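Please keep the sequence and the structure in view while reading.

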Amino acid sequence: MAANNAPLSVRGLTKKYPAFELRDVSFDLVPGAITGFIGRNGAGKTTTLNSLLGFIRPDGGEVKFGGLDMKTSAEEIKQKIGFVSAGMTYYTGKKLKTITGVTRLFYPNWDERAYQNYMRQFGLDESKTPASLSNGMKIKYALALALSHGAELMLLDEPTSGLDPMSREELIEIFLSLRDAGKTILFSTHITSDLDKCADRILFLQKGRLTADLPLEAFRKAYLLAEISGGLPENVKALSKGVCRVRDGYTALLPAADAEKAGLPCRAATLDEIMVHLDKEDAAQ
Amino acid sequence: MKLLKKEFRLCLHPTAPLFLALSTMILIPNYPYAVSFFYVTLGVFFICLTGRENHDAAFTAALPVSRKQMVHGRVMLVCCLEIADLLAAALMLWVKGLIGYAPNQAGMDANVALLGEGLIVFGLFNLIFFPRWYQDITKVGVPFLLASAAVFVYVVAAMVATYAVPFVRDCLDTQDPAHMTEKLLFVACALAFYLCATWLCAALSVKRFERVDLQL
């Protein structure tokens with residue numbers, strides 16, 4: 001598929017704040033895949049998502065959804081995408097039935113049968129209010145709304161934040177079943193263990209810059225982790241892409257190609273370890 | 001119309017329709033009746049305040065609508081409340097007529113010209129409140145304070161005018177149906193002001209809201 005027809009194509013996205021800058025962010029989403037959008041708190045994930053949706057006005061760059069430009073076709077685009085944010089609770093005192101009743105007015109392709117199915121599948125009761133739902137149930141309700149208007153692309157902003165492990169596991173299974181149904185998902189999170197279980201690709205954002213855009217396995221295989229007891233050898237320090245202090249010594253993230261030069265036993269690194277070490281390195285620079 | 005339905009079903013604060021009942025203040029003897037219109041603007045303040053707490057802008061911005069439509073939806077809701085309040089005030093004027101006329105010592109009498117004052121109050125409020133609020137929808141207090149200050153200055157000026165301005169004292173501040181032509185002309189001018197002010201408020205609000213980053 002040509003990049004221009006990707007479910008989401010971003011080119012040179014920039015946004016400047018007094019204390020933070022989103023710098024030249026560019027990527028394409030692969031259709032039918034789950035893309036994990038990772039980075040520490042404050043790296044710019046939410047700013048990027050909000051820019052994509054036009055909630056905030058970028059200073060520069062181009063955002064296209066399926067070849068349609070967000071600047072000129074926002075309404076058409078929003079018919080085809082679903083946005084779910086864990087931090088948002090809308091109209092806490094209104095019944096879900098009322099919120100749904102309003103939402104469906106805006107979508108000519110609203111599928112009531114699908115909506116009822118999702119509500120049943122997610123165990124949601126329409127007579128409840130968002131205030132009476134747990135965080136996990138709120139996310140599920142937002143997903144039910146998005147999926148019932150036929151969204152092909154789901155933009156999820158920290159959907160598993162603040163959830164217990166069971167609820168997170170349950171949501172991940174839902175995301176995987178959506179992927180199996182051909183939906184494309186962009187999933188922003190700093191809980192990378194969730195992405196270990198479901199992501200196909202990784203976008204890694206550091207201080208407003210996109211520093212990796214790779215398949216998950218390639219991203220993982222690019223690094224190895226050395227666990228060092230005692231002091232940190234100088235050659236390891238020089239080769240490493242980030243060092244963390246642990247109880248009995250250090251862990252150093254090494255580029256897989258350079259791991260042998262370190263002369264230390266290494267193991268595969270988890271996504272979490274890669275992110276933490278790379279971020280340490282970035283902070284040190 | 002879809003956004004207007006959304007505004008009524010999700011954003012209308014319960015006090016806003018309740019405040020319409022305060023048009024019964026027109027039945028109070030010797031009271032500045034124009035103040036009764038202020039309560040509608042207080043209802044608008046509560047709508048915007050609870051909208052902020054309920055993340056109304058984030059919900060609406062995610063729907064397939066433009067920011068221009070978002071502004072128009074909110075302004076239409078407010079216009080509906082204002083028109084409903086003027087109709088309620090007209091009903092109270094009729095009731096007061098049945099009870100018996102008594103001149104008002106605290107401003108405009110309970111007559112047709114009072115509806116003109118209501119239109120000016122609402123036009124003034126809309127023109128100041130909305131363009132300022134749409135600069136930053138997280139800050140409701142300052143726009144409301146500024147708009148309310150303008151409304152109170154007008155209400156006081158209108159009250160003084162019933163003693164100091166001959167046309168107001170001798171024609172507008174009189175028992176109906178005396179000087180009905182002048183009163184209807186005043187209402188027509190006030191209606192023109194209301195329509196122009198509200199149109200300008202919507203245009204300015206759209207222009208400002210298009211530029212802002214939504215602080216979600």
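Is Phe83(A) buried or exposed?

## Phe83(A) and the basis of the report

Phe83(A) is buried, because its relative accessible area is 15%. Here, buried means under 20% relative accessible area, exposed means over 50%, and partly exposed lies in between (1.4 Å probe, protein chains only). The model is predicted, so local features need pLDDT of at least 70 and side-chain atom pairs count only at pLDDT 80 or more, while totals for chains, interfaces and linings use all residues. Residues are numbered from 1 along each chain as its sequence is written, chains are lettered from A and ligands numbered from 1 in the order in which they are written, and side-chain values use heavy atoms, with hydrogens and water left out.

Phe83(A) belongs to strand 6 (residues 81–85) of chain A. Helices (H or I, at least four residues) and strands (E, at least two) are DSSP runs, numbered from the N terminus. Leaving aside residues up to four places away in sequence, Phe83(A) touches Asn50(A), Leu53(A), Phe55(A), Leu155(A) and Asp157(A); contact means heavy atoms within 4.5 Å. Between Phe83(A) and Asp194(A) there are 111 residues of separation in sequence and 19 Å in space, C-alpha to C-alpha.

## Nonpolar cores

A nonpolar core is a set of buried Ala, Val, Leu, Ile, Met, Phe, Trp, Tyr and Cys residues joined through side-chain atoms within 4.5 Å. The largest one has 149 residues, and Leu8(A) and Leu143(A) have the most contacts inside it. Helix 6 (residues 112–133) of chain B supplies the largest share of this core, 13 residues. Another core, of 7 residues, lies apart from it and includes Val236(A), Ala252(A), Leu254(A) and Ala262(A).

Which residues does Leu143(A) touch, not counting residues up to four places away in sequence? They are Val84(A), Phe122(A), Met154(A), Leu156(A), Leu171(A), Ile174(A) and Phe175(A).

In helix 3 (residues 96–105) of chain A, the residues Leu96(A), Ile99(A), Thr100(A), Gly101(A), Val102(A) and Thr103(A) are buried. Their cover comes from both chains: it includes helix 4 (112–121) and helix 5 (135–148) of chain A, together with helix 1 (2–11) and helix 4 (56–62) of chain B.

In chain B, Ser36(B) is part of helix 3 (residues 35–53). Ser36(B) is buried, because its relative accessible area is 2%. Beyond residues up to four places away in sequence, Ser36(B) touches Leu22(B), Met25(B) and Asp85(B). Leu91(B), in helix 5 (residues 67–99) of chain B, counts as partly exposed because its relative accessibility is 46%.

## Strand pairing in chain A

Two strands pair if DSSP finds at least two bridges between them. Strand 1 (residues 9–16) and strand 2 (residues 21–28) of chain A run antiparallel and are joined by 5 bridges. A hairpin of 4 residues connects strand 1 of chain A to strand 2 of chain A, and Lys15(A) stands opposite Leu22(A) in strand 2 of chain A.

Strand 11 (residues 223–229) of chain A is joined to strand 13 (residues 249–255) of chain A by 7 bridges, again antiparallel. Leu224(A) faces Leu254(A) in strand 13 of chain A. Strand 11 of chain A also pairs with strand 14 of chain A (residues 266–268) in the antiparallel sense, over 3 bridges; there Leu225(A) stands opposite Arg267(A).

## Salt bridges

A salt bridge is a side-chain nitrogen of Lys or Arg within 4 Å of a carboxyl oxygen of Asp or Glu. By this rule there are 27 salt bridges over all chains. One of them joins Arg220(A) to Asp196(A), with the closest N and O atoms 2.3 Å apart. Arg220(A) lies in helix 8 (residues 216–221) of chain A and Asp196(A) in helix 7 (residues 192–198) of chain A, so the pair ties together parts that are 24 residues apart in sequence.

In chain B, the side chains of Arg74(B) and Asp56(B) form a salt bridge (3.1 Å, N to O). Both Arg74(B) and Asp56(B) are buried. Salt bridges with shared partners join Lys6(B), Glu7(B), Asp56(B) and Arg74(B) into one network.
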